Amino acid sequence: MRDSAVQRPAWWWVVVLGLTGQLAWTIENMYLNVFVYDTITDNPTVLAVLVAASAVAATLATLLAGAWSDRTGRRREFIAIGYVLWGLTTAAFGWVDVETAAALLPTFDAVAVAVAGIIALDCLMSILGSTANDAAFNAWVTDTTNTANRGRVDGVLATFPLLAMLLVFGALDPLTQAGNWQAFFGIVGGVTTVVGIVAWFGLREPRQPRPSGSYLDAVVHGLRPSTIRSQPRLYTALVAWAVLGTSTQVFLPFLIIYVQRYLRIDGYAIVLASVLIGASVVSVVGGRVLDRVGPSLGILPVAALYVVGLLAMFPARGMLPVIVAGTVMMSGFMLGVAAISATVRNLTPPDRAGQVQGLRMVFAILVPMVVGPFVGAAVITGADETYVDLGVTRQVPTPWIFPAAALVVALIVLPALRLRRPQPEPALQEVQP
């Protein structure tokens, strides 16, 4: 029987690297959209392009870096150096604005220049972050865990995106309210850089088998039809991840703007904090349940919980109804990520953990972030809701983004049912750090 325990040093790094990475991703996935909306343009299509471009860059980086880290077996260097550079580029976001663009290129449209600059910087930040976090760190987690404890570990990891939002809201949101974006980006970027330096000296990694063949073969191996045919359950789980991810990207890029501008809840930080804490507790407890019942069997029930929360968000108005509906919605989302992520880890070949992170990026990041935000933008544009801010009419997200997300996630039924069929999963080597 496999040991279900994860050694204490490994847990420490799971928490430090996982949470710090999600702090940086919160800045990029949530607050960068708010920064652009408040300081550059309120065009929802620009926000969708920003998300999609970073997703493409992140996916390509993870495909290349994941295969590279498999071949070298040196995840520590990828994680440590990547976190340092990731932090520096995150800090640089605060220096991109319309005034700076006008000063640098006075003969061009300042808004267009600022948009191009923020998209380029976001792509660079995504490349570095994906190399360090999505490729190397997530492969390290797969190397370090086993089938007996992955539901628990992924249940904890699934809380970090929301916990990171909570920390940012509680500690740093006043900076955004005051328009002090340089300090806001600089603090999170500085923390990420420091963690990278500490990881260089402290992180240890288990020995894992390395893939045979050339580097190019390692990069394209997972994209070959023969590989897909030989591991149908792995790719079915990835398809389920693409469906769930696309659904969340219909509303998530616009969520803070929706709560602030459409619902007009003054204490929106309290609402979001309550939702994040409640959903995180549910995810941690639910991760233990997933280990007992099997993560692949849990996908459909938690997706149903997520749909209930999405539909409840549509009529929710006022602080308490939004907290209740939001907690159900985000609990279902986080447990869905935990269940699918643990399933993918269980189906990952031991010598290709980094390569599978590249595939994960294709299905969990690229497809959702290219498709989802444009669906959300189309829904927002079609609803044509506006408000007046200092005499300027601005477009605002509407509650229709939540039923749209529910329609998308309904497609998860087919891959989830296929994964419920009893089939032997590959025996994975037990590894402890």
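Predicted model: local features only at pLDDT ≥ 70, side-chain atom pairs only at ≥ 80, totals over all residues.
pLDDT is the predictor's confidence in each residue, on a scale from 0 to 100, and helices (H or I, at least four residues) and strands (E, at least two) are DSSP runs numbered from the N terminus. Residues are numbered from 1 along each chain as its sequence is written, and side-chain values use heavy atoms, with hydrogens and water left out.

**Confidence**

- The chain averages a pLDDT of 82, and 88% of the residues score at least 70.
- Over residues 425-433 the pLDDT is below 50, although this stretch has 35 contacts (heavy atoms within 4.5 Å) in the model beyond near neighbours in sequence.

- F402 is in contact with F251, L255, Y258, L310, M313 and M329, when its neighbours within four places in sequence are left aside.
- Helix 16 (residues 401-409) is largely enclosed by the rest of the structure, because eight of its nine residues are buried (under 20% relative accessible area; exposed is over 50% and partly exposed in between, with a 1.4 Å probe and protein chains only).
- The buried residues of helix 16 are I401, F402, P403, A404, A405, A406, V408 and V409.
- S69 lies in helix 2 (residues 44-72) and is buried, with a relative accessible area of 1%; its C-alpha atom is separated by 9.8 Å from that of W140, which is 71 residues apart from S69 along the chain.

**Surface**

- I81, L85, L88, I197, W200 and F201 make a nonpolar surface patch of about 600 Å², in which nonpolar side chains (Val, Leu, Ile, Met, Phe, Trp, Tyr) with over 30% relative accessible area and no salt bridge are joined within 5 Å.
- Helix 3 (75-92) and helix 7 (181-202) are the elements that give two or more residues to this nonpolar patch.
- F201, placed in helix 7, counts as exposed at 61% relative accessibility.

**A positive phi**

- R264, in the loop between helix 11 (255-262) and helix 12 (268-293), has a phi near 55°, a positive value in a residue other than glycine.
- Most residues other than glycine have a negative phi.
- R264 is exposed, with a relative accessible area of 53%.

Definitions and conventions:
Patch = residues over 30% accessible without salt bridge, like charges linked within 9 Å, V, L, I, M, F, W, Y side chains within 5 Å. Areas by Shrake-Rupley, 256 points an atom, 1.4 Å probe, with all protein chains shown as cover. Salt bridge = Lys/Arg side-chain N within 4 Å of Asp/Glu carboxyl O.
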